[in-house]
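This report describes how two chains come together in one structure.

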Amino acid sequence: MRISRTTPEPEIPTSSMADIAFLLIVYFMLTATFAATRGLDFSLPEDDENQQTEIEPDDAVLIEIQPGGQVMVDKKPMEIGDQILEYLAPKLQNNPKKPVIIKPDAKSPYGYMVRVFDLLRQGKLIERQLIWRSKFPEISKEQWEGGKDLNISIPTQREIDAFWY
Amino acid sequence: MRIKPRHTQQPVIPTSSMADIAFLLIVFFMVTVTFEKDRTQVVLPKTDLRKEIEKDVAYISVTENGVIRVTSGEEVSTPVDIADVVSFASNVVSQFPGRPIVIKADANVDYEKVDKVIDSLKQAKVKLIYLLSDQKTVDSGGDG
């Protein structure tokens, strides 16, 4: 007697392929980190005693941050925002390289120093410059261009102890 | 004339392309993934200005309690004492010249902790540092 067998088509089982793939996706999604790597750049000055340029306190704008987060610009309390920028604009008009010193108190929260630093750095942004220019039409475009790179310094406590007077 | 009833097909969901889609997603995640060298949880300060930081960087994280962790970017971060940050930074500068150091500090930590870290980096002749931050949004504008 002849037995007629139906030979099944040979095939690769692919039904579990998607399961494996999605498992890998979940793994990579969980370990992935996106856009967490952004921040403010801050060039540290050379720690060279010969290059220390003496700055008269009157020649600089001093921004102090008090323990509670209160900001004092040249001993006057100010809000972090346009108020500081408006105070700075006429001072920087004559001398765009005027040093701006940020001096946070040892007990002030770090976040406030970053906010002030961020605010000053935004002076570079074109929109901000346009707002300033509408408020101070007497300032020429060239002076704004010159004011792009504010001379911001954040002395450390050791430097303050060594050089402050 | 009688029409033969049509041969009804079993309804199936086409799954053969599922694996293709899935593998495409895998490739995407594999290309974009960067394994975190430093997994310290901190509340970052919020800023408007945020610059892209390159991939090969060293990290120094400072938590709200003042615990400092460092990594040169090659290994997982390890807690260190504040006094050892100078030697760590010097090692980074000598082993990987030009590599920036990212400061990942909690927004509420006392500034003196960060001050000491920055001072150590200055002593180690680090040229460029980044202050890691989150995007400032309209409703978060008020708090530090």
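An open sheet of 7 strands runs in the order 2(B)-1(A)-7(B)-6(B)-3(B)-4(B)-5(B), with mixed pairing. Strands here are DSSP runs of E of at least two residues, helices are runs of H or I of at least four, and both are numbered from the N terminus; two strands pair if DSSP finds at least two bridges between them. Strand 2 and strand 5 (78-80) of chain B each have a single partner strand and stand at the edges, so one side of each is left without a neighbour in the sheet.

This is a predicted model, in which local features need pLDDT of at least 70 and side-chain atom pairs count only at pLDDT 80 or more, while totals for chains, interfaces and linings use all residues. Residues are numbered from 1 along each chain as its sequence is written, and chains are lettered from A and ligands numbered from 1 in the order in which they are written.

**Pairing between the chains**

Strand 1 (residues 38-43) of chain A pairs with two strands of chain B, as tabulated below.

| Partner of strand 1 of chain A | Sense | Bridges | One bridge pair |
|---|---|---|---|
| Strand 7 of chain B | antiparallel | 5 bridges | A:Leu40 and B:Leu131 |
| Strand 2 of chain B | antiparallel | 2 bridges | A:Arg38 and B:Glu52 |

Helix 3 (residues 110-121) of chain A packs on the sheet, where it touches strand 1 of chain A as well as strand 6 and strand 7 of chain B. The direction of this helix makes about 80° with that of strand 1 of chain A (axes are lines fitted to C-alpha atoms, for helices over the stretch in contact, and angles run from 0 to 180 degrees between N-to-C directions).

**The interface**

In total, 49 residues of chain B are in contact with 41 residues of chain A, contact meaning that C-beta atoms, placed from the backbone, lie within 7 Å. Elements of chain B that each supply at least two residues to the side touching chain A include helix 1 (18-32), strand 6 (101-105) and helix 3 (111-123).

**Two residues with positive phi**

Most residues other than glycine have a negative phi. A:Asp74, not a glycine, has a positive phi of about 50° and lies in the loop between strand 3 (71-73) and strand 4 (76-78) of chain A. B:Lys125, also not a glycine, has a positive phi of about 60° and lies in the loop between helix 3 and strand 7 of chain B.

Methods:
Two residues are in contact if their C-beta atoms, placed from the backbone, lie within 7 Å.
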